[in-house]
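Here is a short note for a colleague opening this structure for the first time. Please keep the view open while reading.

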Amino acid sequence: MIDVKNLSKSFGSLEVLKNISTHIDKGEKVVIIGPSGSGKSTFLRCLNLMEIPTEGEIIFEDKNITHAKDHEINLIRRRMGMVFQHFNLFPHLTIRKNITLAPVKLGIMTKAEADKRAYELLETVGLPDKADEYPNMLSGGQKQRIAIARSLAMNPDVMLFDEPTSALDPEMVGEVLELMKKLAAEGMTMVVVTHEMGFAREVASRVMFMADGNILEENNPQEFFTNPQNQRLKDFLSKVL
Amino acid sequence: MSEFIEKLKDTFIVDNRWRYLTEGLKITLIVAFFAVILGLLLGFLVAVIRSTHDKTGKLKLANAICRIYLTVIRGTPMVVQLLIMYFVIFGSFRISKIFVAVLAFGINSGAYVAEIVRSGIMSIDNGQFEAGRSLGLNYPKTMIYVILPQAFKNILPALANEFIVLLKETSVSGYIALNDLTKGGDIIRAATYEAFLPLFAVAGIYLIMVMFLTKLVGLLERRLSASDRR
(Lines give C-alpha, C1' and ligand atoms only; values in the text may rest on other atoms or scores of the structure.)
Protein backbone atom coordinates (compact mmCIF):
# COMPACT_ATOMS: atom_id res chain seq x y z
CA MET A 1 0.00 0.00 0.00
CA ILE A 2 2.74 2.47 0.96
CA ASP A 3 6.27 2.04 -0.30
CA VAL A 4 9.03 4.20 1.14
CA LYS A 5 12.25 4.27 -0.87
CA ASN A 6 15.48 5.87 0.32
CA LEU A 7 13.61 8.60 2.16
CA SER A 8 15.70 11.45 3.58
CA LYS A 9 14.52 14.62 5.19
CA SER A 10 16.57 17.57 6.36
CA PHE A 11 15.52 20.77 8.07
CA GLY A 12 18.30 23.15 7.05
CA SER A 13 21.51 21.44 8.03
CA LEU A 14 19.75 19.08 10.44
CA GLU A 15 19.35 15.65 8.90
CA VAL A 16 16.28 14.11 10.53
CA LEU A 17 15.71 11.06 8.31
CA LYS A 18 18.60 9.23 6.72
CA ASN A 19 17.86 7.07 3.73
CA ILE A 20 14.90 5.11 5.06
CA SER A 21 13.22 2.34 3.11
CA THR A 22 10.26 0.25 4.19
CA HIS A 23 6.94 -1.03 3.01
CA ILE A 24 3.52 -0.94 4.61
CA ASP A 25 0.96 -3.49 3.47
CA LYS A 26 -2.77 -3.11 3.42
CA GLY A 27 -4.25 -4.09 6.80
CA GLU A 28 -0.91 -3.85 8.59
CA LYS A 29 -0.62 -2.15 11.94
CA VAL A 30 2.85 -0.67 12.11
CA VAL A 31 3.89 0.78 15.45
CA ILE A 32 6.92 3.04 15.50
CA ILE A 33 8.81 3.53 18.74
CA GLY A 34 12.05 5.25 19.60
CA PRO A 35 13.59 8.04 21.65
CA SER A 36 12.43 11.60 21.05
CA GLY A 37 14.21 13.33 18.22
CA SER A 38 14.65 10.05 16.40
CA GLY A 39 12.58 11.18 13.41
CA LYS A 40 9.47 9.08 14.11
CA SER A 41 7.01 11.92 13.67
CA THR A 42 8.83 13.33 10.67
CA PHE A 43 8.71 9.90 9.05
CA LEU A 44 4.97 9.70 9.68
CA ARG A 45 4.42 13.24 8.37
CA CYS A 46 6.32 12.42 5.18
CA LEU A 47 3.83 9.63 4.40
CA ASN A 48 0.99 12.10 3.78
CA LEU A 49 3.37 14.81 2.60
CA MET A 50 2.82 17.12 5.55
CA GLU A 51 6.59 17.24 5.21
CA ILE A 52 8.06 17.14 1.72
CA PRO A 53 10.93 14.62 1.54
CA THR A 54 14.34 16.06 0.76
CA GLU A 55 15.26 12.89 -1.11
CA GLY A 56 13.70 9.53 -1.89
CA GLU A 57 10.22 8.48 -2.86
CA ILE A 58 6.86 7.75 -1.29
CA ILE A 59 4.74 5.41 -3.37
CA PHE A 60 1.08 5.12 -2.42
CA GLU A 61 -0.91 2.38 -4.15
CA ASP A 62 1.61 2.07 -6.98
CA LYS A 63 1.66 5.81 -7.58
CA ASN A 64 4.72 7.92 -6.85
CA ILE A 65 3.34 10.82 -4.85
CA THR A 66 6.62 12.44 -3.80
CA HIS A 67 6.37 15.22 -6.35
CA ALA A 68 2.59 15.36 -6.60
CA LYS A 69 0.99 18.71 -7.30
CA ASP A 70 -0.97 20.46 -4.58
CA HIS A 71 -4.40 19.28 -5.73
CA GLU A 72 -3.12 15.72 -6.09
CA ILE A 73 -1.72 15.87 -2.56
CA ASN A 74 -5.12 16.99 -1.32
CA LEU A 75 -6.76 13.99 -2.99
CA ILE A 76 -4.19 11.64 -1.46
CA ARG A 77 -4.69 13.12 2.00
CA ARG A 78 -8.39 12.36 1.84
CA ARG A 79 -7.38 8.71 1.86
CA MET A 80 -4.88 9.04 4.70
CA GLY A 81 -6.41 10.09 7.99
CA MET A 82 -4.11 11.75 10.48
CA VAL A 83 -4.48 12.01 14.24
CA PHE A 84 -2.32 14.51 16.11
CA GLN A 85 -0.80 14.57 19.57
CA HIS A 86 -2.68 17.77 20.40
CA PHE A 87 -5.96 16.69 18.73
CA ASN A 88 -6.19 19.94 16.73
CA LEU A 89 -9.97 19.97 16.81
CA PHE A 90 -11.49 23.14 15.39
CA PRO A 91 -12.49 25.03 18.57
CA HIS A 92 -14.93 27.39 16.81
CA LEU A 93 -17.06 24.55 15.48
CA THR A 94 -19.37 22.09 17.23
CA ILE A 95 -18.34 18.44 17.35
CA ARG A 96 -20.76 17.66 14.55
CA LYS A 97 -19.31 20.44 12.36
CA ASN A 98 -15.79 19.30 13.18
CA ILE A 99 -16.65 15.92 11.74
CA THR A 100 -18.69 17.10 8.75
CA LEU A 101 -16.61 20.10 7.66
CA ALA A 102 -14.25 18.30 5.29
CA PRO A 103 -16.74 15.87 3.67
CA VAL A 104 -19.24 18.69 3.08
CA LYS A 105 -16.84 21.39 1.92
CA LEU A 106 -15.08 18.96 -0.39
CA GLY A 107 -18.41 17.99 -1.93
CA ILE A 108 -18.07 14.32 -0.99
CA MET A 109 -21.30 14.23 1.00
CA THR A 110 -24.38 16.40 1.29
CA LYS A 111 -24.91 18.03 4.65
CA ALA A 112 -27.62 15.50 5.52
CA GLU A 113 -25.44 12.54 4.58
CA ALA A 114 -22.51 13.96 6.53
CA ASP A 115 -24.68 14.55 9.60
CA LYS A 116 -25.90 10.99 9.46
CA ARG A 117 -22.34 9.73 9.11
CA ALA A 118 -21.28 11.97 12.00
CA TYR A 119 -23.86 10.34 14.27
CA GLU A 120 -22.70 6.87 13.24
CA LEU A 121 -19.10 7.83 13.97
CA LEU A 122 -20.03 9.38 17.31
CA GLU A 123 -21.65 6.07 18.18
CA THR A 124 -18.49 4.28 17.13
CA VAL A 125 -16.28 6.42 19.34
CA GLY A 126 -18.81 6.25 22.17
CA LEU A 127 -19.78 9.93 22.31
CA PRO A 128 -23.23 10.07 20.69
CA ASP A 129 -24.49 12.83 22.98
CA LYS A 130 -21.70 15.34 22.23
CA ALA A 131 -22.72 16.35 18.71
CA ASP A 132 -23.75 19.88 19.59
CA GLU A 133 -21.07 20.67 22.13
CA TYR A 134 -17.85 22.51 21.45
CA PRO A 135 -14.40 20.91 21.76
CA ASN A 136 -13.57 23.05 24.81
CA MET A 137 -16.26 21.25 26.80
CA LEU A 138 -14.66 17.85 26.34
CA SER A 139 -11.90 16.04 28.21
CA GLY A 140 -8.62 15.25 26.45
CA GLY A 141 -9.57 11.65 25.85
CA GLN A 142 -12.92 12.65 24.42
CA LYS A 143 -11.23 15.22 22.17
CA GLN A 144 -8.90 12.62 20.77
CA ARG A 145 -11.76 10.23 20.11
CA ILE A 146 -13.56 13.01 18.23
CA ALA A 147 -10.38 13.73 16.28
CA ILE A 148 -10.31 10.06 15.26
CA ALA A 149 -13.98 10.26 14.25
CA ARG A 150 -13.21 13.38 12.22
CA SER A 151 -10.52 11.51 10.28
CA LEU A 152 -12.75 8.50 9.78
CA ALA A 153 -15.45 10.70 8.25
CA MET A 154 -13.33 10.88 5.11
CA ASN A 155 -13.37 7.05 4.90
CA PRO A 156 -9.59 6.84 4.70
CA ASP A 157 -7.69 3.74 3.59
CA VAL A 158 -4.97 4.25 6.15
CA MET A 159 -4.77 6.06 9.48
CA LEU A 160 -1.63 7.81 10.71
CA PHE A 161 -1.38 8.39 14.46
CA ASP A 162 1.23 10.85 15.71
CA GLU A 163 1.63 10.15 19.44
CA PRO A 164 -2.16 10.12 19.96
CA THR A 165 -1.98 9.56 23.72
CA SER A 166 1.10 11.59 24.68
CA ALA A 167 -0.82 14.72 25.62
CA LEU A 168 -3.44 12.88 27.68
CA ASP A 169 -3.82 12.51 31.41
CA PRO A 170 -2.98 8.90 32.33
CA GLU A 171 -6.55 7.94 33.14
CA MET A 172 -7.67 8.93 29.63
CA VAL A 173 -5.08 6.98 27.69
CA GLY A 174 -7.08 3.77 27.95
CA GLU A 175 -10.23 5.00 26.21
CA VAL A 176 -8.25 6.21 23.19
CA LEU A 177 -6.22 3.01 22.95
CA GLU A 178 -9.42 0.97 23.19
CA LEU A 179 -10.84 2.84 20.23
CA MET A 180 -7.64 2.33 18.26
CA LYS A 181 -7.75 -1.39 19.03
CA LYS A 182 -11.32 -1.48 17.77
CA LEU A 183 -10.23 0.20 14.55
CA ALA A 184 -7.36 -2.25 14.17
CA ALA A 185 -9.70 -5.19 14.68
CA GLU A 186 -11.93 -3.86 11.90
CA GLY A 187 -9.00 -4.16 9.53
CA MET A 188 -7.87 -0.54 9.21
CA THR A 189 -4.33 -0.05 8.00
CA MET A 190 -2.58 1.89 10.75
CA VAL A 191 0.78 3.54 11.28
CA VAL A 192 1.18 4.57 14.90
CA VAL A 193 3.94 6.58 16.53
CA THR A 194 3.60 5.97 20.25
CA HIS A 195 5.28 5.35 23.57
CA GLU A 196 2.60 2.83 24.59
CA MET A 197 4.55 -0.43 24.63
CA GLY A 198 1.51 -2.40 25.73
CA PHE A 199 -0.39 -1.23 22.66
CA ALA A 200 2.56 -2.11 20.42
CA ARG A 201 2.77 -5.59 21.88
CA GLU A 202 -0.93 -6.25 21.66
CA VAL A 203 -2.00 -4.62 18.42
CA ALA A 204 1.02 -4.24 16.13
CA SER A 205 1.61 -6.58 13.26
CA ARG A 206 5.09 -5.06 13.09
CA VAL A 207 7.06 -2.87 15.47
CA MET A 208 9.67 -0.50 14.14
CA PHE A 209 12.47 1.03 16.22
CA MET A 210 13.83 4.34 15.03
CA ALA A 211 16.84 6.26 16.33
CA ASP A 212 18.93 9.06 14.80
CA GLY A 213 16.86 9.10 11.62
CA ASN A 214 17.27 5.41 10.86
CA ILE A 215 15.12 2.32 11.25
CA LEU A 216 17.40 0.19 13.39
CA GLU A 217 15.13 -2.79 13.80
CA GLU A 218 11.70 -3.98 12.74
CA ASN A 219 10.02 -7.21 13.59
CA ASN A 220 6.81 -8.79 14.81
CA PRO A 221 6.08 -7.72 18.40
CA GLN A 222 6.83 -11.14 19.87
CA GLU A 223 10.40 -11.21 18.52
CA PHE A 224 10.85 -7.46 18.85
CA PHE A 225 10.24 -7.32 22.59
CA THR A 226 11.57 -10.71 23.70
CA ASN A 227 14.56 -11.01 21.42
CA PRO A 228 15.83 -7.59 20.34
CA GLN A 229 19.03 -7.64 18.27
CA ASN A 230 20.16 -4.04 18.08
CA GLN A 231 22.10 -2.72 21.06
CA ARG A 232 20.34 0.69 20.95
CA LEU A 233 16.98 -1.08 21.03
CA LYS A 234 18.08 -3.25 23.97
CA ASP A 235 19.09 -0.12 25.89
CA PHE A 236 15.86 1.62 24.96
CA LEU A 237 13.66 -1.28 25.98
CA SER A 238 15.50 -1.73 29.26
CA LYS A 239 14.62 1.90 30.09
CA VAL A 240 10.97 1.90 29.06
CA LEU A 241 9.80 -1.59 30.05
CA MET B 1 -31.24 81.19 31.33
CA SER B 2 -33.26 82.93 28.67
CA GLU B 3 -29.96 84.01 27.13
CA PHE B 4 -28.96 80.35 26.84
CA ILE B 5 -32.26 79.44 25.23
CA GLU B 6 -31.74 82.31 22.84
CA LYS B 7 -28.33 80.91 21.93
CA LEU B 8 -29.76 77.42 21.48
CA LYS B 9 -32.39 78.82 19.15
CA ASP B 10 -29.80 80.82 17.25
CA THR B 11 -27.48 77.85 16.89
CA PHE B 12 -29.91 75.14 15.89
CA ILE B 13 -33.32 76.55 14.96
CA VAL B 14 -32.78 79.81 13.06
CA ASP B 15 -32.40 79.23 9.31
CA ASN B 16 -32.85 75.49 10.02
CA ARG B 17 -29.22 75.33 11.08
CA TRP B 18 -29.74 71.90 12.68
CA ARG B 19 -29.81 70.60 9.16
CA TYR B 20 -26.05 71.22 8.86
CA LEU B 21 -25.66 68.63 11.59
CA THR B 22 -28.14 66.05 10.28
CA GLU B 23 -26.92 66.38 6.68
CA GLY B 24 -23.34 66.26 7.93
CA LEU B 25 -24.09 63.20 10.04
CA LYS B 26 -25.54 61.49 7.02
CA ILE B 27 -22.35 62.09 5.04
CA THR B 28 -20.13 61.06 7.93
CA LEU B 29 -22.07 57.80 8.29
CA ILE B 30 -21.99 57.07 4.55
CA VAL B 31 -18.26 57.74 4.29
CA ALA B 32 -17.42 55.78 7.43
CA PHE B 33 -19.64 52.83 6.52
CA PHE B 34 -18.29 52.30 3.02
CA ALA B 35 -14.73 53.04 4.10
CA VAL B 36 -15.04 50.31 6.76
CA ILE B 37 -16.26 47.84 4.11
CA LEU B 38 -13.48 48.79 1.73
CA GLY B 39 -10.94 48.69 4.55
CA LEU B 40 -12.09 45.23 5.61
CA LEU B 41 -11.90 43.86 2.08
CA LEU B 42 -8.48 45.35 1.44
CA GLY B 43 -7.24 44.41 4.88
CA PHE B 44 -8.26 40.75 4.67
CA LEU B 45 -6.85 40.48 1.17
CA VAL B 46 -3.49 41.99 2.13
CA ALA B 47 -3.30 39.98 5.35
CA VAL B 48 -4.00 36.69 3.56
CA ILE B 49 -1.42 37.47 0.89
CA ARG B 50 1.17 38.42 3.49
CA SER B 51 0.62 35.38 5.71
CA THR B 52 0.44 33.02 2.74
CA HIS B 53 3.79 34.37 1.66
CA ASP B 54 5.24 33.98 5.14
CA LYS B 55 3.93 30.41 5.41
CA THR B 56 4.62 29.05 1.95
CA GLY B 57 7.04 31.44 0.26
CA LYS B 58 4.59 31.89 -2.63
CA LEU B 59 3.10 35.17 -3.93
CA LYS B 60 6.42 37.03 -3.81
CA LEU B 61 5.35 39.88 -6.11
CA ALA B 62 1.96 40.34 -4.47
CA ASN B 63 3.65 40.36 -1.09
CA ALA B 64 6.12 43.03 -2.21
CA ILE B 65 3.26 45.21 -3.46
CA CYS B 66 1.43 44.74 -0.15
CA ARG B 67 4.50 45.79 1.78
CA ILE B 68 4.87 48.96 -0.25
CA TYR B 69 1.19 49.70 0.32
CA LEU B 70 1.55 49.24 4.07
CA THR B 71 4.69 51.35 4.26
CA VAL B 72 3.32 54.25 2.25
CA ILE B 73 -0.14 54.34 3.82
CA ARG B 74 1.02 53.94 7.39
CA GLY B 75 3.95 56.28 6.85
CA THR B 76 2.01 59.33 5.68
CA PRO B 77 -0.71 61.40 7.38
CA MET B 78 -4.35 60.68 6.60
CA VAL B 79 -5.08 64.31 5.71
CA VAL B 80 -2.25 64.37 3.19
CA GLN B 81 -3.53 61.15 1.63
CA LEU B 82 -7.01 62.65 1.39
CA LEU B 83 -5.68 65.81 -0.25
CA ILE B 84 -3.56 63.82 -2.71
CA MET B 85 -6.53 61.64 -3.56
CA TYR B 86 -8.74 64.68 -4.21
CA PHE B 87 -6.37 67.21 -5.78
CA VAL B 88 -3.84 64.96 -7.53
CA ILE B 89 -5.28 61.55 -8.35
CA PHE B 90 -8.79 62.82 -9.07
CA GLY B 91 -7.63 66.41 -9.65
CA SER B 92 -8.76 66.55 -13.24
CA PHE B 93 -12.02 64.65 -12.78
CA ARG B 94 -15.36 65.98 -11.65
CA ILE B 95 -16.16 63.31 -9.20
CA SER B 96 -18.25 62.91 -6.06
CA LYS B 97 -16.34 64.05 -2.98
CA ILE B 98 -18.04 61.32 -1.02
CA PHE B 99 -16.56 58.75 -3.38
CA VAL B 100 -13.09 60.29 -3.01
CA ALA B 101 -13.40 60.29 0.76
CA VAL B 102 -14.60 56.66 0.88
CA LEU B 103 -11.66 55.65 -1.29
CA ALA B 104 -9.09 57.61 0.73
CA PHE B 105 -10.36 56.49 4.15
CA GLY B 106 -10.94 52.91 2.99
CA ILE B 107 -7.46 52.55 1.54
CA ASN B 108 -6.01 54.09 4.69
CA SER B 109 -7.98 51.85 7.02
CA GLY B 110 -7.14 48.76 4.95
CA ALA B 111 -3.48 49.08 5.87
CA TYR B 112 -4.22 49.00 9.58
CA VAL B 113 -6.86 46.28 9.25
CA ALA B 114 -4.34 44.20 7.26
CA GLU B 115 -1.86 44.12 10.11
CA ILE B 116 -4.60 43.42 12.64
CA VAL B 117 -5.89 40.50 10.58
CA ARG B 118 -2.36 39.23 9.99
CA SER B 119 -1.73 39.20 13.72
CA GLY B 120 -4.98 37.25 14.09
CA ILE B 121 -3.91 34.67 11.52
CA MET B 122 -0.53 34.32 13.21
CA SER B 123 -2.24 33.81 16.57
CA ILE B 124 -3.83 30.55 15.36
CA ASP B 125 -1.87 27.43 16.20
CA ASN B 126 -0.23 25.81 13.20
CA GLY B 127 -1.89 22.54 14.23
CA GLN B 128 -5.19 24.00 13.02
CA PHE B 129 -3.66 24.41 9.59
CA GLU B 130 -2.27 20.92 9.62
CA ALA B 131 -5.55 19.42 10.76
CA GLY B 132 -7.37 21.14 7.89
CA ARG B 133 -4.80 20.14 5.32
CA SER B 134 -4.57 16.55 6.61
CA LEU B 135 -8.29 16.15 5.90
CA GLY B 136 -7.69 17.05 2.28
CA LEU B 137 -8.90 20.64 2.46
CA ASN B 138 -6.81 22.84 0.20
CA TYR B 139 -5.06 26.00 1.39
CA PRO B 140 -7.87 28.49 0.59
CA LYS B 141 -10.58 26.29 2.13
CA THR B 142 -8.49 25.76 5.27
CA MET B 143 -7.99 29.51 5.45
CA ILE B 144 -11.69 30.33 4.98
CA TYR B 145 -13.31 27.64 7.14
CA VAL B 146 -10.69 26.97 9.81
CA ILE B 147 -8.25 29.85 10.26
CA LEU B 148 -10.09 33.08 9.46
CA PRO B 149 -13.17 32.44 11.65
CA GLN B 150 -10.90 31.85 14.65
CA ALA B 151 -8.64 34.75 13.75
CA PHE B 152 -11.64 37.07 13.35
CA LYS B 153 -12.83 36.25 16.84
CA ASN B 154 -9.41 36.99 18.32
CA ILE B 155 -9.01 40.33 16.56
CA LEU B 156 -12.53 41.63 17.09
CA PRO B 157 -11.54 44.09 19.87
CA ALA B 158 -8.65 45.44 17.78
CA LEU B 159 -10.88 45.72 14.72
CA ALA B 160 -13.51 47.59 16.72
CA ASN B 161 -10.79 49.96 17.83
CA GLU B 162 -9.80 50.58 14.22
CA PHE B 163 -13.39 51.30 13.21
CA ILE B 164 -13.78 53.79 16.03
CA VAL B 165 -10.62 55.55 14.92
CA LEU B 166 -11.83 55.54 11.32
CA LEU B 167 -15.25 56.95 12.21
CA LYS B 168 -13.65 59.86 14.02
CA GLU B 169 -10.91 60.28 11.42
CA THR B 170 -13.55 61.12 8.80
CA SER B 171 -13.83 64.46 10.61
CA VAL B 172 -10.97 65.72 8.44
CA SER B 173 -13.22 65.43 5.39
CA GLY B 174 -13.61 69.20 5.58
CA TYR B 175 -10.17 69.51 3.99
CA ILE B 176 -11.72 68.61 0.65
CA ALA B 177 -14.78 70.74 1.41
CA LEU B 178 -16.98 67.75 2.10
CA ASN B 179 -19.77 68.84 4.43
CA ASP B 180 -19.52 66.11 7.01
CA LEU B 181 -20.64 66.34 10.63
CA THR B 182 -17.59 68.27 11.84
CA LYS B 183 -17.76 70.68 8.95
CA GLY B 184 -21.47 71.16 9.65
CA GLY B 185 -20.76 72.23 13.21
CA ASP B 186 -18.05 74.52 11.97
CA ILE B 187 -20.38 76.18 9.49
CA ILE B 188 -22.81 76.92 12.31
CA ARG B 189 -19.99 78.32 14.43
CA ALA B 190 -18.92 80.62 11.60
CA ALA B 191 -22.47 81.82 11.05
CA THR B 192 -23.39 82.46 14.68
CA TYR B 193 -19.98 83.39 16.21
CA GLU B 194 -20.91 80.90 18.91
CA ALA B 195 -18.44 78.03 19.33
CA PHE B 196 -19.54 76.20 22.45
CA LEU B 197 -22.92 74.82 21.41
CA PRO B 198 -22.24 73.56 17.87
CA LEU B 199 -18.88 72.02 18.73
CA PHE B 200 -20.22 70.27 21.82
CA ALA B 201 -23.21 69.06 19.83
CA VAL B 202 -20.83 67.62 17.23
CA ALA B 203 -18.64 66.02 19.90
CA GLY B 204 -21.72 64.54 21.56
CA ILE B 205 -22.95 62.99 18.33
CA TYR B 206 -19.56 61.34 17.71
CA LEU B 207 -19.54 60.07 21.27
CA ILE B 208 -23.00 58.53 20.92
CA MET B 209 -22.02 56.86 17.66
CA VAL B 210 -18.88 55.38 19.19
CA MET B 211 -20.78 54.15 22.23
CA PHE B 212 -23.35 52.53 19.96
CA LEU B 213 -20.60 50.89 17.90
CA THR B 214 -18.89 49.61 21.05
CA LYS B 215 -22.16 48.12 22.25
CA LEU B 216 -22.68 46.43 18.89
CA VAL B 217 -19.22 44.88 18.92
CA GLY B 218 -19.76 43.73 22.49
CA LEU B 219 -22.88 41.86 21.39
CA LEU B 220 -21.04 40.26 18.48
CA GLU B 221 -18.19 39.27 20.78
CA ARG B 222 -20.61 37.59 23.15
CA ARG B 223 -22.22 35.73 20.26
CA LEU B 224 -18.88 34.46 19.00
CA SER B 225 -17.77 33.32 22.42
CA ALA B 226 -20.28 30.43 22.48
CA SER B 227 -17.42 28.00 21.81
CA ASP B 228 -15.39 29.29 24.78
CA ARG B 229 -17.76 28.07 27.46
CA ARG B 230 -16.42 25.14 29.35
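1. **Confidence.** This is a predicted model. The predictor gives the complex an ipTM of 0.92 and a pTM of 0.88. Chain B has an average pLDDT of 94. In chain B, 100% of the residues score at least 70.

2. **The contact between the chains.** About 2,100 Å² is buried between chain A and chain B. Carbon and sulfur atoms give 58% of that area. On the side of chain A, the most area is lost by His92(A), Lys105(A) and Asn136(A). Together these residues make up 25% of what that side buries.

3. **Polar links across the contact.** Between chain A and chain B there are 10 residue pairs in polar contact, both residues at pLDDT 80 or more. The count of salt bridges between chain A and chain B is two. A salt bridge also joins Lys58(B) to Asp70(A), with N and O 3.2 Å apart.

4. **Salt bridges within chain A.** Over all chains, the count is 26 salt bridges. One of them pairs Lys130(A) with Glu133(A), the closest N and O atoms being 3.9 Å apart. Lys130(A) counts as buried because its relative accessible area is 16%, under the 20% limit. Glu133(A) is partly exposed, at 25%. Another salt bridge links Glu178(A) and Lys181(A), at 3.4 Å from N to O. Both residues lie in helix 6 (residues 170-185) of chain A. They sit three residues apart, about one turn of the helix. Glu178(A) is partly exposed, with a relative accessibility of 47%.

5. Which parts of chain B does the pair Arg118(B) and Asp54(B) link? First, the bond itself: Arg118(B) forms a salt bridge with Asp54(B), the closest N and O atoms being 3.4 Å apart. The pair links distant parts of the chain, 64 residues apart. Arg118(B) is in helix 5 (residues 97-123) of chain B, and Asp54(B) is in helix 2 (residues 18-56) of chain B. Is each partner buried or exposed, or something in between? Arg118(B) is buried, at 14% relative accessibility. Asp54(B) is partly exposed, at 46%. Back in chain A, salt bridges with shared partners join Glu28(A), Arg206(A) and Glu218(A) into one network.

6. **A covered helix in chain A.** Helix 1 (residues 40-47) of chain A is mostly covered. Seven of its eight residues are buried. Among them are Lys40(A) and Arg45(A), along with Phe43(A), Leu44(A) and Leu47(A). After this helix comes Leu49(A), whose phi is positive, near 60°.

7. **A buried arginine in a loop of chain B.** Arg17(B) is placed in the loop between helix 1 (2-13) and helix 2 of chain B. At 10% relative accessibility, Arg17(B) is buried. Leaving aside neighbours within four places in sequence, Arg17(B) is in contact with Asp10(B), Thr11(B), Phe12(B), Ile188(B), Ala191(B) and Thr192(B).

8. **Positive phi at two aspartates.** Asp62(A) is not a glycine, yet its phi is positive, about 65°. Asp62(A) lies in the loop between strand 4 (55-60) and strand 5 (63-64) of chain A. Asp62(A) is exposed, with a relative accessible area of 79%. Asp212(A), also not a glycine, has a positive phi of about 50°. Asp212(A) lies in the loop between strand 9 (206-211) and strand 10 (214-219) of chain A. Asp212(A) counts as partly exposed, at 42% relative accessibility.

Technical notes
Residues are numbered from 1 along each chain as its sequence is written. Chains are lettered from A and ligands numbered from 1 in the order in which they are written. This is a predicted model: local features need pLDDT of at least 70, side-chain atom pairs count only at pLDDT 80 or more; totals for chains, interfaces and linings use all residues. Side-chain values use heavy atoms; hydrogens and water are left out. A salt bridge is a side-chain nitrogen of Lys or Arg within 4 Å of a carboxyl oxygen of Asp or Glu. Buried means under 20% relative accessible area, exposed over 50%, partly exposed in between (1.4 Å probe, protein chains only). Helices (H or I, at least four residues) and strands (E, at least two) are DSSP runs, numbered from the N terminus. pLDDT is the predictor's confidence in each residue, from 0 to 100. Buried area is the accessible area (1.4 Å probe) that two parts lose on being put together, summed over both. A polar contact is a pair of N or O atoms within 3.5 Å; within protein, one must be able to donate a hydrogen and the other to accept it, and residues adjacent in sequence count only if both atoms are side-chain atoms. Contact means heavy atoms within 4.5 Å.
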